[in-house]
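Hello,

I am handing over a structure that you have not worked with before. Please have a look at it, and then read on for what was found.

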Amino acid sequence: ARTATWLFPAVLRKTLQVMDNGWRDRVSGGTPALHFLYVVWFATSFWMDDLVNVFWFATRSGVPLWTFAPSFLMGLLVEYPKTNIAMFAVVAVADTVQNGSSSGDFFGAMTKVPWIEVMLLVICCGGATLVVQATNLRIMVCAMGNCLCPSLVLYACSTLNIAPPGPLQPAKRGGR
């Protein structure tokens, strides 16, 4: 038990629980079309690990396999420009280092990336990142506000049309 506490501090466990509950509340109440979008958004969003995405949807979300499988494949297809541009960058950096040239050669190589892929990256992956990370921020703001000012959290959560995190407790005053 002591090792588990050291490896996963209470703050990390609580943060993961808040994020899990927040996303599960959003995903579980949706239609199959909304489930499809959530999976595609998770798969194409920046700063989301693919394994976390797969494991969370498989074990915690309640999204049925018949919705998850095709939507995850669609997410992989939509993510193609992000992967291709990353590979362009890796090859350009390797060529620049190998040739001992300046950073101008790197940027010159990056201009060879097809403009349509850059546009798809910005629209698809950028849009998905905005949706996912804005939702993450809303979940965390409501959870932190729960500790500071429960009435403000209830107002903010109702305005943002999201469920408040857990039972709200009145703030302790006067050091009691």
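Let me start with two helices. Helix α3 (residues 32-44) packs against α4 at an angle of about 155°, and their axes are 9 Å apart. Here axes are lines fitted to C-alpha atoms, for helices over the stretch in contact, and angles run from 0 to 180 degrees between N-to-C directions. The two helices, α3 and α4, are therefore roughly antiparallel to each other (angles over 145 degrees count as such). Their crossing is right-handed, a term used if the near helix is turned clockwise from the far one by less than a right angle.

A word on where this comes from: it is a predicted model, in which local features need pLDDT of at least 70 and side-chain atom pairs count only at pLDDT 80 or more, while totals for chains, interfaces and linings use all residues. Residues are numbered from 1 along each chain as its sequence is written, and side-chain values use heavy atoms, with hydrogens and water left out.

As for the whole chain, its secondary structure comes to nine helices and zero strands. Both are DSSP runs numbered from the N terminus, with helices being H or I of at least four residues and strands E of at least two. Of the 176 residues, 31% count as buried (under 20% relative accessible area, with exposed over 50% and partly exposed in between, using a 1.4 Å probe and protein chains only).

W41 sits in helix α3 and counts as partly exposed, at 22% relative accessibility. W41 and V78 are 37 residues apart in sequence and 9.6 Å apart in space, C-alpha to C-alpha. T111 lies in the loop between α7 (103-110) and α8 (115-148), and at 63% relative accessibility it counts as exposed.

Finally, the second largest pocket has a volume of about 330 Å³. A pocket is an open set of points on a 1 Å grid over the protein atoms alone where a 1.4 Å probe fits, with protein on both sides within 12 Å along at least five of seven lines; lining residues have an atom within 4 Å of a point. The volume is the space filled by probe spheres set on the points, which are joined across faces, edges and corners. Among the lining residues are W23, F42, W56 and N136. Helix α2 gives the most to this lining, with five residues.

Best wishes

Definitions and conventions. Angles under 35 degrees count as roughly parallel, over 145 as roughly antiparallel, 65 to 115 as roughly perpendicular and the rest as oblique.
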